[in-house]
Amino acid sequence: MTKRVDEILSWYESDHPGVLKNLRWMMDTGALAGTGKFVILPVDQGFEHGPARTFAKNPSGYDPHYHFELALKAGCNAYAAPLGFLEAGARTYAGQIPLILKLNNSDSLYSPKNPKPAVTGSVQDALRLGCAAIGFTIYPGSDLRDDMYQELREISEEAKACGLAVVVWSYPRGEGLSKKGETAIDVCCYAAQIAAQLGAHIIKVKPPTDFIEQDAARKVYESEGIPISTLAERTKHVIQSSFNGRRIVIFSGGEAKGADAVKEEIQGLADGGAFGSIMGRNAFQRPLPEALELLKSIQEIHRAAK
Amino acid sequence: MTKRVDEILSWYESDHPGVLKNLRWMMDTGALAGTGKFVILPVDQGFEHGPARTFAKNPSGYDPHYHFELALKAGCNAYAAPLGFLEAGARTYAGQIPLILKLNNSDSLYSPKNPKPAVTGSVQDALRLGCAAIGFTIYPGSDLRDDMYQELREISEEAKACGLAVVVWSYPRGEGLSKKGETAIDVCCYAAQIAAQLGAHIIKVKPPTDFIEQDAARKVYESEGIPISTLAERTKHVIQSSFNGRRIVIFSGGEAKGADAVKEEIQGLADGGAFGSIMGRNAFQRPLPEALELLKSIQEIHRAAK
Amino acid sequence: MTKRVDEILSWYESDHPGVLKNLRWMMDTGALAGTGKFVILPVDQGFEHGPARTFAKNPSGYDPHYHFELALKAGCNAYAAPLGFLEAGARTYAGQIPLILKLNNSDSLYSPKNPKPAVTGSVQDALRLGCAAIGFTIYPGSDLRDDMYQELREISEEAKACGLAVVVWSYPRGEGLSKKGETAIDVCCYAAQIAAQLGAHIIKVKPPTDFIEQDAARKVYESEGIPISTLAERTKHVIQSSFNGRRIVIFSGGEAKGADAVKEEIQGLADGGAFGSIMGRNAFQRPLPEALELLKSIQEIHRAAK
Amino acid sequence: MTKRVDEILSWYESDHPGVLKNLRWMMDTGALAGTGKFVILPVDQGFEHGPARTFAKNPSGYDPHYHFELALKAGCNAYAAPLGFLEAGARTYAGQIPLILKLNNSDSLYSPKNPKPAVTGSVQDALRLGCAAIGFTIYPGSDLRDDMYQELREISEEAKACGLAVVVWSYPRGEGLSKKGETAIDVCCYAAQIAAQLGAHIIKVKPPTDFIEQDAARKVYESEGIPISTLAERTKHVIQSSFNGRRIVIFSGGEAKGADAVKEEIQGLADGGAFGSIMGRNAFQRPLPEALELLKSIQEIHRAAK
Amino acid sequence: MTKRVDEILSWYESDHPGVLKNLRWMMDTGALAGTGKFVILPVDQGFEHGPARTFAKNPSGYDPHYHFELALKAGCNAYAAPLGFLEAGARTYAGQIPLILKLNNSDSLYSPKNPKPAVTGSVQDALRLGCAAIGFTIYPGSDLRDDMYQELREISEEAKACGLAVVVWSYPRGEGLSKKGETAIDVCCYAAQIAAQLGAHIIKVKPPTDFIEQDAARKVYESEGIPISTLAERTKHVIQSSFNGRRIVIFSGGEAKGADAVKEEIQGLADGGAFGSIMGRNAFQRPLPEALELLKSIQEIHRAAK
């Protein structure tokens with residue numbers, strides 16, 4: 001019940017006490033308890049990329065219990081996964097770690113021009129499984145974005161009424177954007193803003209690059225001299241774009257890469273004021289001891305950041 | 001409780017007292033209290049245009065509390081924004097200023113030929129946040145206009161039953177219209193009429209130009225000699241087209257521009273009998289002292305108008 | 001409580017007494033009370049054609065109260081309009097004249113190949129406003145006709161259960177028909193039959209021309225020698241096509257024209273057994289005294305018809 | 001459409017136009033049309049007292065059509081009865097006279113200490129039968145009064161939403177009162193106040209006697225010198241107790257008695273400002289010519305009252 | 001399609017055609033087809049009195065198919081039974097004879113002071129079994145009568161909406177009445193009136209005795225000289241009490257007795273204008289040939305009556 005956690009909770013001023021309870025549960029859990037910082041383990045890649053691409057590197061990950069164990073041992077704040085993975089362990093690990101039920105997911109057996117995840121679970125599922133939050137992905141830039149916003153609106157209204165926190169994966173993608181634009185700084189900030197305006201409690205975005213996608217935005221970045229050359233600067237700008245820091249914004253770890261590359265990226269995010277990381281493949285695709293070591297290092301970086 | 005406010009309320013003769021209460025709340029708030037005139041602060045551009053284009057010029061605007069403060073200090077009648085922005089301040093400023101929850105919004109990461117905003121909030125949200133009204137945008141001229149009209153019909157029926165006022169942003173746009181036609185005098189009047197027939201309590205349109213879009217309309221403007229050469233004349237005609245002045249019609253401020261240009265436009269609107277202005281970018285993109293000064297001038301112009 | 005009114009009511013043998021009450025209310029109102037004949041004032045052109053084209057000729061019509069007054073002074077049987085226009089006067093004129101809430105409307109800012117009106121009100125709206133009936137437009141011939149038929153089916157079922165009468169504007173239009181075919185005698189009769197089969201209590205069609213649209217129909221008209229050369233003959237055939245006269249069929253007045261042309265047309269309709277007229281633009285676009293005079297003449301023509 | 005009717009309607013300022021339409025229908029019907037006065041025929045005694053006690057005196061009354069005819073011939077403002085009686089004539093007389101569906105009724109085959117009527121119809125029944133209002137009886141003073149108040153609350157909310165007027169029979173009865181107290185002036189005023197506070201549009205009470213039931217009330221009547229010695233004084237006090245005259249209050253005729261006694265009582269009520277009478281047994285238990293004569297006399301008394 | 005059947009159907013003027021269809025089906029079935037008279041076989045005694053008391057005398061009756069056969073062979077208008085009995089034969093005899101699903105039943109393993117049957121089936125059951133009507137028992141005089149009236153109200157509204165006819169067993173019983181009073185003429189008439197006011201299409205009562213239960217009623221019977229000394233006179237009075245003959249009233253056969261006693265009673269009922277008999281134990285407790293003979297005699301008596 002530190003002052004920092006209380007401060008963060010104070011930003012969610014229109015939410016029910018039940019939502020605050022669940023946000024606090026996450027912030028009072030694991031190695032970063034009390035700091036207001038987050039390291040979350042997400043494992044939805046089995047659905048998103050297929051099992052072999054996801055679990056073959058470290059076959060322990062085929063077992064749903066493995067990820068509960070990993071998240072617990074690593075001292076993560078929460079563990080996020082689709083319905084099946086959570087159902088397979090929610091009783092054994094009931095109450096040991098906050099769970100986030102990912103309520104929509106895309107597979108990659110078919111890749112349409114304008115992607116949209118399928119809704120694969122319900123608020124009622126999250127309640128019966130004892131979750132702290134629901135997770136939902138939107139794809140700003142897709143022709144189907146409005147359908148996702150409206151699905152989120154409905155699910156989110158229901159979740160909040162039940163005291164569940166709402167975590168939004170805001171991943172720009174689709175016809176409206178170039179491939180490079182998906183992580184452009186202007187697009188990343190816009191995606192964070194959209195998630196915030198849609199009422200997300202926790203916003204998950206990808207680390208932004210220094211590319212600028214939209215001409216109308218470029219004019220402003222130039223005329224106002226917004227600094228975006230370092231990852232720290234860009235991260236700061238994303239946080240600012242999320243209600244000037246009044247919303248928790250965490251950053252995904254992206255594709256698997258070397259431990260040093262991971263730590264360097266995290267350092268940039270932490271320097272820019274990120275609230276933490278949500279790291280899947282770089283965690284569960286490593287052998288357990290390595291994974292634990294890496295996650296501990298990341299926690300240290302986030303803890304050390306002012 | 002002035003005679004003018006009572007007169008305006010008398011036009012809404014089929015509405016619940018609860019709706020009248022909320023209309024009165026807006027008309028009894030701020031610098032224009034009691035005059036039946038309006039200056040409303042709307043801040044949905046973070047969603048509509050993205051955060052940098054919207055807030056970089058005056059970075060205080062990244063903070064949701066800033067707009068509540070601005071609206072209060074400037075003596076606005078109400079503050080309108082999407083769900084996230086209102087949730088981020090509704091408790092701190094509860095009851096200090098009437099709030100309008102914008103219930104649908106478009107982002108500009110994808111721009112389809114026939115635009116349609118996503119529904120991003122609910123009447124229930126507006127009630128729990130203590131709002132005075134809901135706001136809804138329609139795009140007459142779009143191939144998807146009927147979907148918007150029907151969404152508005154349902155939301156509006158629910159809102160009115162709960163005593164909330166209904167503010168309709170009627171912005172012609174889409175395949176049926178030329179770019180210039182979006183603010184043509186005939187189209188603007190038609191858009192106001194549609195909003196009124198759909199049951200709007202407050203109608204928001206853009207200041208009309210002297211262009212005429214539709215041939216069938218041009219014939220009537222010429223044969224009947226309807227004067228449309230000055231902004232005052234055109235404004236008068238928009239008001240007339242809104243049930244002969246029996247509905248509150250306010251005008252948007254449009255793109256950011258110089259203070260003198262803003263004031264000149266407002267003078268034209270006021271001379272034509274506008275009920276007021278709803279001014280976003282020209283307010284919050286200026287430094288606070290300038291913004292307050294400009295909003296005060298605008299209020300003075302509206303107050304002075306007969 | 002004349003025998004003729006009782007006879008007409010006897011045709012609606014499967015309807016609730018509440019529906020009969022509202023049909024009787026219309027037939028016991030105004031200058032034609034007790035005759036079983038109708039002159040109804042419809043004002044939905046503000047939505048359908050835009051305000052200037054509709055009201056500029058007689059600017060009193062911009063004011064919603066004007067049309068209630070016009071209908072009352074002229075002794076019309078009922079006044080029909082969309083939600084906004086009725087809400088703007090329903091309390092002031094409560095119970096003074098039967099109201100028909102037009103539940104769907106099209107604007108003309110966008111003209112798709114296959115038109116379909118938006119649903120702009122509800123049965124609940126009609127009840128709270130104290131209406132006698134709901135009005136609904138279908139466009140037989142449009143690719144979207146079935147959507148309209150199904151909307152009508154649902155709304156009509158709900159309206160009848162609540163004792164409201166159902167008035168159907170059956171206006172052939174869309175890809176399936178030539179422009180000339182929209183008022184062809186075979187098409188007009190077919191449109192009346194469809195409305196009757198869909199369960200309409202009162203059917204509104206346009207005066208039919210002697211053109212025949214469909215080849216399959218032409219063969220029959222010729223082989224059976226169906227007389228269609230005069231408007232009276234064609235009107236008689238429309239009435240016959242509406243359950244052999246067991247449904248009330250009224251005819252629209254169409255575009256504004258000279259008083260003599262109007263009266264001549266009405267005489268033809270009356271000679272053919274029309275139950276009456278529903279006349280908008282030819283009424284409210286004239287100055288009040290002229291409008292009253294014309295409506296009175298029309299009533300006289302209908303009354304005099306056997 | 002008299003000024004008096006408009007004045008009365010203006011008191012029901014929070015109701016839908018549909019409710020006003022039905023109140024106006026009653027006030028524009030029959031011999032007292034336009035005066036704002038009422039003579040209503042209620043026939044629920046077949047249910048309340050049994051058929052022989054009710055109809056044997058004038059056996060025509062066994063036939064449900066008889067009462068529709070009586071109400072029409074006598075020029076009553078409305079006819080009130082339970083479901084069965086209305087179903088048996090609603091089609092034949094559809095729209096000829098406003099109907100009030102009595103939604104709860106007590107039989108007298110069992111007389112519990114604390115009576116409560118059974119709910120015997122629904123708002124939907126009232127709509128399908130084309131009624132103008134629903135009627136509901138409450139027994140203030142009964143141990144079960146709160147159940148009745150709550151039933152009334154729910155039914156009344158539904159009825160008002162559908163535009164139906166609500167007529168409340170407020171008949172003190174039960175353990176809390178002496179037999180004499182059931183018509184005591186303090187109790188009668190209290191019963192009228194309760195009905196008004198529960199949202200009744202029209203309140204029906206029994207003519208009050210000069211007896212005072214409650215000690216606490218007696219003190220005030222004496223200290224304030226409230227005049228209650230004549231029926232006119234007492235009636236005036238009942239009207240005052242019903243929102244100072246802002247609700248329509250009508251008085252029951254009570255048990256069958258001589259025509260002179262009836263007229264004398266009506267004169268007292270009329271002198272005190274009663275809005276009218278609701279007279280059952282004194283009407284339908286007389287032979288038709290006598291009944292018509294008596295009802296006409298009563299109408300004359302009410303009309304003559306200022 | 002005789003005139004008499006049409007006349008009877010005309011009394012049900014507020015009902016759906018579907019209800020009329022089912023009433024006509026009963027009146028067009030069996031030996032009395034076209035006469036407007038009824039002999040119905042009811043077999044709910046297995047539930048009401050237990051199987052041995054009911055079926056041991058003629059063990060064929062244990063078999064549910066037996067009663068379908070009996071009703072068919074005897075030319076009954078309809079067969080009435082609880083859910084189980086109907087489910088056991090409804091497919092085999094589908095469409096061969098109108099079925100009445102008895103929707104509430106009492107067993108006699110427990111006999112409370114204030115009896116109330118359990119609801120043992122639904123309108124949906126009646127629809128899926130192809131019934132013509134639902135049957136429902138009320139006990140006027142019981143402390144729980146209002147609960148039964150309200151159950152009937154709800155079930156009846158649903159049944160009528162689905163086009164099912166409503167048959168009410170109105171059997172006075174309970175604390176409010178002496179044992180002798182249960183069949184007293186005043187009570188029987190009152191019970192018939194209550195059923196009619198509750199909206200029953202067919203009313204079933206017991207043959208009344210010349211006893212008068214209630215003092216208030218006795219006064220009227222004496223002062224008005226209502227003749228009640230013969231069963232024919234009493235029957236006539238019951239019919240009169242059922243909306244002056246505008247509702248179908250049938251009489252139960254009561255306890256098993258000798259064939260002559262049965263026939264004598266039927267003769268009295270028929271002379272008084274009864275619409276028919278509903279006879280259970282006197283039918284199915286006799287051997288088949290005797291039962292058929294008796295039922296034929298009864299039909300002859302009813303047919304012969306004017």
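Select chains D and E and show where they meet: 34 residues of chain D are in contact with 39 residues of chain E, contact being C-beta atoms, placed from the backbone, within 7 Å. This is a predicted model, in which local features need pLDDT of at least 70, side-chain atom pairs count only at pLDDT 80 or more, and totals for chains, interfaces and linings use all residues. Residues are numbered from 1 along each chain as its sequence is written, while chains are lettered from A and ligands numbered from 1 in the order in which they are written.

Stay on the side of chain D that touches chain E. Two or more residues each come from α3 (45-49), α4, α6 (83-87), β5 (118-119) and α7 (123-128) of chain D; helices (H or I, at least four residues) and strands (E, at least two) are DSSP runs, numbered from the N terminus. The largest share, four residues, is that of α6(D). Colour this side by residue type and it divides into 17 nonpolar, nine polar and eight charged. Here Ala, Val, Leu, Ile, Met, Phe, Trp, Tyr, Cys and Pro count as nonpolar, Asp, Glu, Lys and Arg as charged, and the others, Gly among them, as polar.

Next, select α11 (residues 231-241) of chain E. Nine of its 11 residues are buried, so the helix is largely enclosed by the rest of the structure. Buried means 20 or more other C-beta atoms within 10 Å of the residue's own, with C-beta atoms placed from the backbone. Among the buried residues are Leu231(E), Arg234(E), Lys236(E) and His237(E). Their cover includes α4 (51-55) of chain D, along with α9 (185-197), β8 (202-205), β9 (248-252) and α12 (259-271) of chain E. Just after the helix, Phe243(E) has a positive phi of about 60°.

Move to chain B and show its strands. Eight of them close into a parallel barrel in the order β1-β2-β3-β6-β7-β8-β9-β10, pairing being at least two DSSP bridges between two strands. From one strand to the next the twist averages 25°; axes are lines fitted to C-alpha atoms, for helices over the stretch in contact, and angles run from 0 to 180 degrees between N-to-C directions.

Now pick helix α8 (residues 145-161) of chain B, which packs on the sheet and touches β6 (133-138) and β7 (165-170) of chain B, its direction making about 170° with that of β6(B). Then pick α14 (residues 288-304) of chain B, which touches β1 (38-42) and β10 (276-278) of that chain at about 150° to β1(B).

Key
Contact = placed C-beta atoms within 7 Å. Buried ≥ 20, exposed ≤ 12 C-beta atoms within 10 Å, placed from the backbone.
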